[in-house]
Amino acid sequence: MSSLLVSFLLLVALAVQAVDVATSYYRYVNTELLGSTWHQPDSHPVYTLFRRAGGSDGDTYASVGSPEWSKSFPTDPASMQNMPQPWLDALHKAVSAGKIPDIPVTTTPPGSNPTYPDGYDPMSPDVCSSTYQCRIPGDIWDGPDGYLSLSFDDGPLPPSPTLYKFLKEKGQHATHFYIGTNILQYPDCFKMAWENQDDIAVHTQTEEVLAELGWTMQLIHNSTGGRVPKYWRPPYGDSDMRVRAIAKEVLGLTTVIWNQDTNDWSLSDPVPITSLDKIATQMHTWLTGSKKPGLIILEHELSNQSVQAFMDAWDLVVSNGWKTTSVAQMGDASAYQNSWNASAPVTQAKVGDLSVHPPSTQAVASTT
């Protein structure tokens with residue numbers, strides 16, 4: 001037998017042995033390590049976390065809308081009872097450090113602005129109430145020049161899917177300032193906005209700022225793969241130096257107000273203070289006017305009428321050359337405290353962890 005033939009037969013034998021080894025390892029990995037099936041069934045919560053929207057922080061969370069998911073949220077999110085101790089500790093620490101001004105909680109009679117006790121001027125630098133148009137440095141009121149920065153309050157609610165479908169058809173993303181109890185009541189609407197890769201922020205409806213903000217943040221964290229909201233909007237714009245400080249110093253939240261108000265929240269009221277025609281006139285004025293500063297218009301996904309008011313104005317947005325962005329991503333900012341957006345990597349963090357940051361831009365770029 002020639003030496004050439006012997007060499008060839010040895011190579012064939014080695015190749016066969018390599019195939020056998022690879023096949024054995026493959027079977028070991030798939031049967032011993034991963035079980036009879038390596039993938040999770042479609043009903044597994046991981047599919048809720050990863051379908052369309054991006055990565056998570058590595059933890060496993062209950063599926064949005066499931067009993068396990070909802071039971072982690074208190075029936076009364078505004079109650080100071082049963083709050084996680086770290087939140088209370090952070091509040092006490094901030095108060096002791098003099099970071100939370102001693103300003104009385106306002107009272108709000110029906111149909112009027114928040115009222116402070118005698119001796120507290122809402123326009124003074126010590127109080128600086130945003131309801132009275134006093135601007136605190138660091139709060140967000142205006143958009144970048146030339147931009148209409150999109151956001152909607154009070155969702156998710158039954159009118160929300162119409163809005164979400166419209167945004168998706170137009171290739172737009174918005175920031176949704178959500179109320180925690182509404183997320184619990186309408187999880188499918190929440191999932192629709194999340195799968196559209198819109199930005200989720202926090203809205204409140206009571207004066208118990210820390211409790212409601214914290215629990216709503218926790219619910220959003222558990223529903224978005226561990227993302228910690230970065231922005232919040234106070235109801236009626238009712239914020240001042242005390243409220244802002246609690247949100248910022250304890251929970252790391254940035255306050256977002258607006259520079260134009262449609263009053264569309266009242267469209268479904270028995271006696272509305274505006275109308276679709278009036279809003280259309282306002283929108284025409286704003287959208288054909290100056291682009292400095294950019295627009296942040298207060299709008300709501302509260303009723304069919306309020307959603308319609310936004311959709312009716314869309315052609316004006318396009319025809320007048322407005323650039324658009326989500327409020328939470330203005331100026332290329334990160335939408336969350338620990339992630340750039342709905343599809344970016346996530347830094348593991350808890351609500352109230354003020355030292356957290358999104359993964360570096362280099363890490364984000366390496367995954368795209």
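**Aromatic rings in the interior**

A: Phe-166 and Phe-310 are both buried. Buried means under 20% relative accessible area; exposed is over 50%, and partly exposed lies in between (1.4 Å probe, protein chains only). This is a predicted model, in which local features need pLDDT of at least 70 and side-chain atom pairs count only at pLDDT 80 or more, while totals for chains, interfaces and linings use all residues. Residues are numbered from 1 along each chain as its sequence is written, and side-chain values use heavy atoms, with hydrogens and water left out.

Start with the ring pairs. A pair of aromatic rings is described by the distance of the centres and the angle of the planes. Rings of Phe, Tyr and Trp (its six-membered ring) pair if their centres lie within 6.5 Å; planes under 30 degrees apart are stacked, over 60 edge-to-face, and the rest tilted. The count comes to 6 aromatic pairs. One of them joins Phe-166 and Phe-310: edge-to-face, 5.9 Å centre to centre, with 85° between the planes. This pair links distant parts of the chain, 144 residues apart: Phe-166 is in helix α5 (residues 160–169) and Phe-310 in helix α11 (residues 304–312). Helices are DSSP runs of H or I, at least four residues, and strands are runs of E, at least two, numbered from the N terminus.

Phe-310 also pairs with Trp-314, in a tilted arrangement: 5.9 Å centre to centre, 55° between the planes. Phe-310 has a relative accessible area of 3%, so it is buried. Trp-314 is buried too, at 6%. Phe-152, Phe-166, Phe-310 and Trp-314 form one aromatic cluster.

Next, the core. A nonpolar core is a set of buried Ala, Val, Leu, Ile, Met, Phe, Trp, Tyr and Cys residues joined through side-chain atoms within 4.5 Å. The largest one has 75 residues, of which Leu-213, Leu-251 and Phe-310 touch the most other members. Helix α8 (residues 209–223) gives the most to this core: 8 residues. Take Leu-213. Beyond its neighbours within four places in sequence, Leu-213 is in contact with Val-202, Thr-204, Trp-232, Ala-247, Leu-251 and Leu-253. Contact means heavy atoms within 4.5 Å.
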